[in-house]
Amino acid sequence: MVAGDRPAVGAGPARLARTIAVASGKGGVGKSTVALGIAMAAAERGVRTVLVDADLGMANLDIMAGVRSAHSAADWLGGRVTLAECFVAVAPRMWLLGGASGLARMADLSPAQRQRLVEGLSRVASHVDLMVLDLGAGIGAGTLELAGAADRVLMVTTPEPTALTDAYGFMKACVRGGRRAGWNVACSMATDAADGARAVERLRRAVARHLEVDMHDAGSVPDDSSVRRAVRAGRPLLAAEPASPAARAIRRIEGSLAGLPEPSARPDLFSALAARLGVRVAGAMAAAMGGAAITGASMPR
Ligand SMILES: Nc1ncnc2c1ncn2[C@@H]1O[C@H](COP(=O)(O)OP(=O)(O)OP(=O)(O)O)[C@@H](O)[C@H]1O
Ligand SMILES: [Mg+2]
């Protein structure tokens, strides 16, 4: 194994990674572009980051990231490969876990798979600093569950009224499910900064008034042909065109999120999933908190 191609496991007690779910109501709004971008931006700053492709429909982050993994999280959940074999390095300090749609349909998993999912992900989270979950569009039950349980949610919308309305609908469902804090919004494909700011403000005002929820304005990404070029070339935007307006904007969004105060105390994503799925966490959490089982040299098996 090449050094650095897996998140290394440090000895000693570990703390679970921060989790951020990137969500949208409408599809095709630039969610994966932003998720991949903020993961790369964080890694550039030295934050060890795992990007999880949790889209129930089309898992295509690997294509956007320009990597190919022989195995996906689906193979791991099926018991065919180890979790370590499913990770692929995208950049220094950044890994992708592809095909993790099992997360979005966790209610359908067998008890053994549920156990595996929660244990595996919590172990991963003890080896990195940040986990970015790219969720599928829409209000599927599993998607809402993940958005409800992550430390933070980043809603991605465009300035179009359809995207804003669907973002509002997603948030309404999630707030009803109990999520009130940790909301952020970024506007993608904005004509300019003012256009993005207006769209963000519209959504912020609507959710403040009707859902009584505060939302952090994380910024906007301009409509930029460099994004389309990078997607077509199968390369991450921040690597392909690091100085493009969109890449710079995405770095600012990541910086804005990183500068936020720690989220208020709430159960971490993994404990929340365990509770939801009826998985006993004693073993998983003990391991995740730095038990002897994970002081090896690579990702946990
Ligand atoms: N800032 C941008 N400027 C120009 N084009 C963009 C921008 N962001 C995204 N796009 C274009 O929109 C397409 C869809 O973007 P992306 O895959 O990030 O959206 P998504 O919300 O993840 O979609 P899905 O809901 O299908 O997962 C990209 O392939 C790209 O061509
Ligand atoms: Mg996507």
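This is a predicted model: local features need pLDDT of at least 70, side-chain atom pairs count only at pLDDT 80 or more; totals for chains, interfaces and linings use all residues.
Residues are numbered from 1 along each chain as written, with chains lettered from A and ligands numbered from 1 in written order. Local features need pLDDT of at least 70 and side-chain atom pairs count only at pLDDT 80 or more, while totals for chains, interfaces and linings use all residues.

Trainee: How many helices and strands are in the protein chain?
Mentor: Helices (H or I, at least four residues) and strands (E, at least two) are DSSP runs, numbered from the N terminus. On that basis the protein chain has 12 helices and 8 strands.

Trainee: Is Thr157 buried or exposed?
Mentor: Thr157 lies in strand β6, residues 152–157. A residue is buried if 20 or more other C-beta atoms lie within 10 Å of its own, exposed if 12 or fewer, and partly exposed in between, with C-beta atoms placed from the backbone. Thr157 has 32 such atoms within 10 Å, so Thr157 is buried.

Trainee: Which residues is Thr157 in contact with, leaving aside its neighbours within four places in sequence?
Mentor: Two residues are in contact if their C-beta atoms, placed from the backbone, lie within 7 Å. With those neighbours left aside, the contacts of Thr157 are Ser24, Val29, Ala163, Leu164, Ala167, Val185, Cys187, Ala199 and Leu203.

Trainee: At what angle do α1 and α10 pack, and is α1 roughly parallel or roughly perpendicular to α10?
Mentor: Axes are lines fitted to C-alpha atoms, for helices over the stretch in contact, and angles run from 0 to 180 degrees between N-to-C directions. Angles under 35 degrees count as roughly parallel, over 145 as roughly antiparallel, 65 to 115 as roughly perpendicular and the rest as oblique. Helix α1 (residues 31–44) and helix α10 (residues 245–258) have axes 9 Å apart and pack at an angle of about 70°. That makes α1, relative to α10, roughly perpendicular.

Trainee: How do the residues of the contact of α6 with α7 divide?
Mentor: Leu164, Ala167, Tyr168, Met171, Lys172 and Val175 of α6 meet Ala199, Arg202, Leu203, Ala206, Val207 and Leu211 of α7. Ala, Val, Leu, Ile, Met, Phe, Trp, Tyr, Cys and Pro count as nonpolar, Asp, Glu, Lys and Arg as charged, and the others, Gly among them, as polar. The division is 10 nonpolar, no polar and 2 charged.

Trainee: Which residues come nearest to ligand 1?
Mentor: A residue is near a molecule if its C-beta atom, placed from the backbone, lies within 6 Å of it. Elements that each supply at least two residues of the shell are α1, β7 (183–190) and α8 (225–233). Of the 19 residues around ligand 1, the nearest are Gly27, Gly30, Lys31, Ser32 and Thr33.
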